[in-house]
Amino acid sequence: MFIGAIGCEPLQLARVQLERSESLETYQKHGGYESLRKVLGGMSPDDVIGELKKSALRGRGGAGFPTGMKWSFVPKDSPKPKYVVCNADESEPGTFKDRYIMERDPHMLIEGMLIAAYALGSKTCYIYTRGEYRYIIEIMDRAIAEARAAGLVGDKILGKDFACEVYTHSGAGAYICGEETALLNSLEGLRGHPRMKPPFPAVAGLYGCPTVVNNVETLTAVPDIIRMGGEAYQKLGTEKSGGTKLWSVSGHVNRPGVYELPMGYADMEKFIMEDCQGIPNGRKLKAVIPGGSSVYIMPASDIEGKKVTMDYEGLVAAGSMVGSGGFIVMDDTVDIFESTKNLTEFYKHESCGWCTPCREGTDWLVKVFKRIARGEGKPDDAQLLLDLCDNIEGKSFCPLGDAASWPIQSAIKKFPEDFRRHLAPLAGGNGHKSLSTL
Amino acid sequence: MSKQFTPNNPLPQEAPVPDEIATFSEAVEAEIDAHLAKYPLKRSAILPLMFIVQRERGYLDKPGVAYLADRLGVRVTDIWEVATFYSMINTEPVGKYHLQVCRTLSCKIVGADKITEHCKSRLGIKPGETSEDGQFSLSEVECLGSCGTAPMMQIGFDYYENLTPEKVDELIEQCRSNQLSNGVR
């Protein structure tokens, strides 16, 4: 598996190939904790947030919300304690970048969290890691202990009047806990049900206190932003999407891996065919899900010869989204009906059960998919799937309902033939009126 | 005439039988204390503590639940409420080696089904089942964040990636001869 940067100097992946890259010694030898030193040496919290705003860094967990803005929502005058929570729940299918950042460069995350804590006036940070990543939690715990011993975590950090604790916390197998308010409930020891927003976590988050929840990749971008300055970081990417982005590439490519690309990387086709070394066994590209399983599927015809730009705006223009950067490549052996069924089963399993449209809707979606797969479907079943999606999308309590609907809606729209193949025999040939909607 | 229920006049109940409460060694108690020290509210430690009970007792059984309720100062139902939400918390016994094969898309399109089928035929159990000797459990689980090294499975907490049927055979053989860690910690 490849881990490295293409089209730019590696930032987040600068140290991952070094020997004992997870150690404090290696990290410090390569500029580690210098940004924290710079911040504590004379930057005000507002200066830090200002650099973040200039950097045009957008949340890397999936929603893409501007990070500087998110930080600025935390009320400065609140007498309550404030919390920084790292979302390391990484469970969006196709996404595995955070795992390798934490495995190879845990101190970069600790430094990013400490800078965030300083900017937000927080004394406590939690790293909420998905339960399956136990070995990652062990690596992070070792790194935190090492940092504490070196006076980088705890009281009087770097001898300055700044105290902050960093703790790891384990989830226990629930995709929904990647949603920030469900994560906070889980961290409070409850079922991982999402909360009503507003109030947003910045105002009332963990234990009802002001809280910032950021993805691992977002927080690990912070030390580089402070080091090089917000403007220089932004210039690595585009005006609206600053910096670099990690793409987790899986599926039918010759070289899967974690790729760091500048935002606005020019051509998705080149990325697949050259950087990822093309499709194995001489097969043809059929489809790409570029941003984790929850985004719209893209057919090869929307990629080949289209010079799709890999950033937030470019992917929206091309009919999909950056999401978490979980880039799943499928060759022409894949039946999109089958692949969509697989993902729908995922969403059904992971629906938290809190709201009716998502709980019942995802269950019905799977029932319909299964009966079609058994050859017992009804001719109108493609339309039924779309109707069900329409009753889930925008009508569920949190974005999981949307995430379950979008893959189906886009799959039926972009790959009608794969659904028609399963439905036509049921409709007694291709002439049935319901198939004309496909 | 039947008695009306009011808060001051509760329905007669049989005397509750106190739950048996699990006990742990001093070392485990110290480990639990270390988790509790991380949070302003004890309840936050519920998941980390469940993993410890599960490790010590094989699964989250009734005495384990009673212990957690007592230790965290919450009701027994609060513990069950959380335990039944999270897929990694086992409220029933599982085999010594718990093989969890990823079934989600990135693994699926590069042969996850083949790995599951192979496990089924070698172990003689289906996903969701435990072998009669209690050695093996098999599960199909959702994306484990190992898509670049698919297909894969977890045994306990340990990752085994880039799997082939031959590699699975080797792993199962090592489990059978107790040469492999069961990945529970």
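How many salt bridges are there between chain B and chain A? I counted three. This is a predicted model, so I note that here at the start.

**Entry 1: the contact between the chains**

I looked up one salt bridge by its residues. The side chains of A:Glu345 and B:Arg103 meet there, N to O at 2.6 Å. I then turned to polar contacts between chain B and chain A and found 26 residue pairs, both partners at pLDDT 80 or more.

Helix H2 (46-57), helix H4 (76-83) and helix H5 (105-108) of chain B each supply at least two residues. H2(B) gives the most, with four residues. I sorted the residues on that side of chain B by type: 21 are nonpolar, 10 polar and eight charged.

I also noted the extent of the contact. Chain A puts in 56 residues and chain B 39 residues. The buried area between them is about 3800 Å², and carbon and sulfur atoms give 57% of that area.

**Entry 2: a sheet in chain A**

I traced an open sheet of six strands in chain A. Its order is S1-S7-S6-S10-S8-S9, and the pairing is mixed.

Strand S6 (residues 244-251) and strand S7 (residues 257-262) of chain A run antiparallel, with six bridges. A:Leu246 stands opposite A:Glu260 in S7(A).

Last, I looked at helix H11 (residues 268-275) of chain A. H11 lies across S6, S7, strand S8 (285-289), S9 and strand S10 (326-331) of chain A. The helix runs at about 70 degrees to S10(A).

Methods: Residues are numbered from 1 along each chain as its sequence is written. Chains are lettered from A and ligands numbered from 1 in the order in which they are written. Side-chain values use heavy atoms; hydrogens and water are left out. Contact means heavy atoms within 4.5 Å. Buried area is the accessible area (1.4 Å probe) that two parts lose on being put together, summed over both. A salt bridge is a side-chain nitrogen of Lys or Arg within 4 Å of a carboxyl oxygen of Asp or Glu. A polar contact is a pair of N or O atoms within 3.5 Å; within protein, one must be able to donate a hydrogen and the other to accept it, and residues adjacent in sequence count only if both atoms are side-chain atoms. Ala, Val, Leu, Ile, Met, Phe, Trp, Tyr, Cys and Pro count as nonpolar, Asp, Glu, Lys and Arg as charged, and the others, Gly among them, as polar. Two strands pair if DSSP finds at least two bridges between them. Axes are lines fitted to C-alpha atoms, for helices over the stretch in contact, and angles run from 0 to 180 degrees between N-to-C directions.
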